[in-house]
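The sequence and the model are shown first, and a description by topic follows.

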Amino acid sequence: MSGPLVLAIESSCDETGVALVEGGSRIHANVVASQVALHAPSGGIVPEVAARAHLRWILPVLDEAWSSAGVSWDDVGAVAVTRGPGLAGSLLVGINVAKTLAWVHDKPFVGVNHLEGHVYAAWLRDPGQAEGEPPPFPLVALVVSGGHTFLVEMQDHLTYRLLGQTVDDAAGEAFDKVGRLLDLPYPGGPEIQKAAEGATRHDTRFPRAWLGDSYDFSFSGLKTAARRTVDAARADAGLREPEEPLPHVVTAELAWGFQDAVVDVLVSKTVRAARESGARSIVLGGGVAANSVLRTRLAGEAEAIGVPLIVPRPGLCTDNGAMIGAAGARRFLAGERSGLDLEATPSLPLAR
Ligand code: KG4
Ligand code: ZN
């Protein structure tokens, strides 16, 4: 083993994840049960439904992680779990299972910030994947998820200086809301990406909220503009009933325009932050980091200023247990331990 093996549990939102991660990077197992199909009919996450689904799936996911890993409890150095931010009822399920496992097997226990997990996903390596260079410090990390959007500077491990954050909606939330406006299935993020790929004209331009020189983000004006544009497009197409769909070409064009506006702001601010802070790398994480246009644009512009972009494969950008194992190992190696009285903290900030 090249560092402690961490059994990690993630249950903050709507994915039940269990992973075994060695040395903060090497994945031995990473099993995720997604609740997307369960929440799709309501077009959003229903907290009590999410908590009950975690309760239903957490032990089968744990079983599958063990059976795919080829390691045993004797190898485990610590148990890590997401302590926040997230939905209280969802967090409680993972925390309770993790505490019980740590207690029964007499292992050290570490509570992890979910957002730190999204950052540390950049250090992960899949089974069989060659050992790469870890992201060099100082770095800037952009985390774009369903609940959070922020830009931080890291001079070293586990130290964060907040450069900017959203003043209203998270980027993923904006994708999901505009997806709903366009009558796309839940969650809107991947659906908007897919719809935008079908756009034949690329001349819809939505407003960008630059907020001066600030590194903060705002997506609520964009959402309002999208609503107005969708209403106008429906009127143009002569659609009167809400159930009458927009023609595909129009949906594709609007999805492209919205995605282009979000990506433009995210990429511009991140690259400027990297340049102005003298960063040696850029890390991208969170569910929206699965977006192929964001990945490609940021990689291109980072390369243009000579700074490497490190972004996990899409399956490690969305919520999973491995990212909690990566961050948990770092905390464990830094000597951090949580008591078995650890509580769920639904609004835990990243930098305290
Ligand atoms: O990080 P995550 O899995 O959960 C939270 O911690 O919030 O992020 C989920 C968010 C959702 O809003 C979803 O629409 C968005 O990530 N997302 C995407 C894509 N895949 C997931 N947004 C844009 N493009 C994608 N391909
Ligand atoms: Zn997340």
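## The zinc site

For the metal site, donors are taken to be N, O and S atoms within 2.8 Å of the metal, and because water is not among the atoms, sites may look incomplete. The model described here is predicted. In it, the zinc ion (ligand 2) is coordinated by NE2 of His-114, NE2 of His-118 and OD of Asp-319, at 2.0 to 2.1 Å.

Along the sequence, these donor residues follow the spacing H-x3-H-x200-D. The pair of His-118 and Asp-319 links distant parts of the chain, 201 residues apart. His-118 belongs to helix 4 (residues 114-120), whereas Asp-319 lies in the loop between helix 10 (314-317) and helix 11 (321-333).

Ligand 1 sits in the largest pocket. Helix 4, helix 5 (171-181) and helix 6 (188-197) are the elements that give two or more residues to the shell around ligand 1. There are 19 residues around ligand 1, and those that come nearest are Gly-146, Asp-176, Gln-193, Gly-287 and Asn-291.

Several polar atoms of the protein face ligand 1. A polar side-chain atom of Asn-291 is found 3.0 Å from a nitrogen atom of the ligand. Backbone atoms take part as well: an N or O atom of the Gly-147 backbone lies 3.3 Å from an oxygen atom of ligand 1, and a polar backbone atom of Val-288 is 3.5 Å from an oxygen atom of ligand 1. On its own, ligand 1 has 560 Å² of accessible area, of which the protein covers 89%.

Pro-135 is located in the loop between helix 4 and strand 6 (139-144). With a relative accessibility of 3%, Pro-135 counts as buried. The C-alpha atom of Pro-135 is separated by 7.5 Å from that of Val-283, although the two residues are 148 residues apart along the chain.

Strand 9 (residues 281-285) contains Ser-281. Ser-281 has a relative accessibility of 0%, so this residue counts as buried. A polar atom of the Ser-281 side chain lies 2.7 Å from the backbone oxygen of Pro-136.

Terms used:
Residues numbered from 1 in each chain as written. Chains lettered and ligands numbered in written order. Predicted model: local features only at pLDDT ≥ 70, side-chain atom pairs only at ≥ 80, totals over all residues. Heavy atoms only, no water. Donors = N, O, S within 2.8 Å, 3.2 Å for Na, K, Ca; no water. Helix = DSSP H or I, 4+ residues; strand = E, 2+ residues; numbered from the N terminus. Near = heavy atom within 4 Å. Polar contact = N/O pair within 3.5 Å; in protein donor to acceptor, adjacent residues only side chain to side chain. Areas by Shrake-Rupley, 256 points an atom, 1.4 Å probe, with all protein chains shown as cover. 1 Å grid on protein atoms, 1.4 Å probe; cavity = no way out; pocket = protein on both sides within 12 Å on 5 of 7 lines; lining within 4 Å. Sits in = over half its atoms within 2 Å of the grid points. Buried < 20%, exposed > 50% of the residue type's maximum accessible area, 1.4 Å probe, protein only.
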